[in-house]
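Okay, thanks everyone, I'll keep this short.

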Amino acid sequence: MIILDETFRNWHSRFLQQMAWTEQARDYTYRRVGFATKEHLLEIGCGTGALLHEVWKRFILPRVNSGKRCKLDAIDKDSGMVQKARETMKKAGNEVKIHVGNALSLPHGNSSFDVVFCQYFMLWNQDHIKKKIVDEVYRVLAPGGWFACLGEPDYISAVDKPHGHTLMLIKRSLERAGADLEAGAKLEDLMAPFTRVRIGSASKPWTASEWAEHFDDEWAFLERIMAGGGVDPSKMQAMKRSEQQAIKDGTKESYFPLVYAMGRKSF
Ligand SMILES: C[S@@+](CC[C@H](N)C(=O)[O-])C[C@H]1O[C@@H](n2cnc3c(N)ncnc32)[C@H](O)[C@@H]1O
């Protein structure tokens, strides 16, 4: 139980950290899609509920408190994640329902939602699955409803100077976990069934000053996910020292592209 709690804290705090990187793009998407005025929303791949909680607090709770109809659903195929998302959302009322299930086959009727959204989700699905999930999203969206992908990585065009150590470790850990590092670059094709499509960059470059602020958290996460992952600990320490030196010298800079996309089902 203690181990489960610890894992929850780790993943949940990581997902909260990741949310900070896409804040501006999320605000833009929320406004363009009109999250504040929609009645029925669904997150696919909700993980521990980091994004779900933000959407509930900003858009669902104020409407419910003012007596308006509003519902938020979420789904994740991992029952452990769903249990944790339910803990995150324990203060929410009946307006929030979190299901265990695969987004490939949503337990909802046709035209049920005004908005379906996801974040750091498509990268965990193979290409032919991604396409099937989009068909499923299209089915459950009402005419005029929106699909919003809030951030997916496109690490093939990533930059990490001067050494590239951090990028190498991130790529290695994601590849080992089976992630698609080009998921962001594939969003344009995936949005083909939708109209009014917008695609853009959800992340910003980091200079040495952002790295100085976030290095300890980022490196602690890398060390945790690389533990037992085939990188010699003394090599890892050497990389850490050279990254810290580059931050001190002001030569450290990086750009890990995250792509957002949104589109509308026609009426
Ligand atoms: C990185 S987490 C997402 C975190 C969450 N979107 C956030 O930003 O707070 C990705 C989640 O997607 C789930 N997932 C991946 N593919 C899925 C699928 N086909 N159906 C349902 N859940 C899926 C995983 O189980 C995992 O919990």
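Predicted model: local features only at pLDDT ≥ 70, side-chain atom pairs only at ≥ 80, totals over all residues.

Let's start with a single residue. Tyr120 sits in the loop between strand 4 and helix 5. Tyr120 isn't a glycine, and yet its phi is positive, at about 50°. So is Tyr120 buried or exposed? It counts as buried, because there are 22 C-beta neighbours inside 10 Å, and the cut-off for buried is 20 or more.

There's another non-glycine like that: Arg196 has a positive phi of about 50° too. Arg196 is placed in strand 7. With 13 C-beta neighbours inside 10 Å, Arg196 comes out as partly exposed.

While we're on backbone geometry, look at the step from Lys161 to Pro162. That peptide bond is cis, with omega near 5°. You'll find Pro162 in the loop between strand 6, residues 159–161, and helix 6, residues 165–176.

Okay, zooming out. Overall we have nine helices and nine strands in the protein. The radius of gyration is 19 Å, close to the 18 Å from the globule rule for 267 residues, so the protein is as compact as a globular protein of that length. Along the principal axes, the C-alpha trace spans about 55 × 40 × 35 Å. Buried residues are 37% of the 267. And if you take the contacts with a separation of 6 or more, 86% of them are between residues 24 or more positions apart.

Seven strands make an open sheet, in the order 3-2-1-4-5-9-7, with mixed pairing. From one strand to the next, the twist averages 15°.

Strand 1, residues 40–44, and strand 2 run parallel and are joined by five bridges. If you want a landmark there, His40 stands opposite Lys71 in strand 2. To get from strand 1 to strand 2, the chain goes through helix 3, residues 50–65, and that β-α-β crossover is right-handed.

Then strand 2 to strand 3, residues 96–100: five bridges, and again the two run parallel. Leu72 has Val96 as its bridge partner in strand 3, and Asp73 has Lys97. Here the chain crosses through helix 4, residues 79–88, and this β-α-β crossover is right-handed as well.

Helix 5, residues 127–140, lies across strand 1, strand 4 and strand 5, at about 145° to strand 5.

Lys77 is partly exposed, with 16 other C-beta atoms within 10 Å. Setting aside neighbours within four places in sequence, the contacts of Lys77 are Gly101 and Asn102.

Last stop, helix 2, residues 23–33. Which residues are buried in helix 2? Those are Ala25, Arg26, Thr29 and Val33. They're on the same side of helix 2, because the arc they cover around the axis is only 100°. Turn to the other side and you get Glu23, Asp27 and Arg31, which are exposed. As for what covers the buried residues, that includes strand 4, strand 5, strand 7 and strand 9, with strand 9 being 258–264. After helix 2 comes Gly34, with a positive phi near 80°.

That's what I had. Happy to take questions.

Note on methods:
Residues numbered from 1 in each chain as written. Pairing = 2+ DSSP bridges. Helix = DSSP H or I, 4+ residues; strand = E, 2+ residues; numbered from the N terminus. Right-handed = clockwise from strand over helix to strand, strands pointing away. Axes fitted to C-alpha atoms, helices over the stretch in contact; angles between N-to-C directions. Contact = placed C-beta atoms within 7 Å. Rg over C-alpha atoms; globule rule 2.2 N^0.38 Å. Buried ≥ 20, exposed ≤ 12 C-beta atoms within 10 Å, placed from the backbone. Arc of directions from axis to C-beta.
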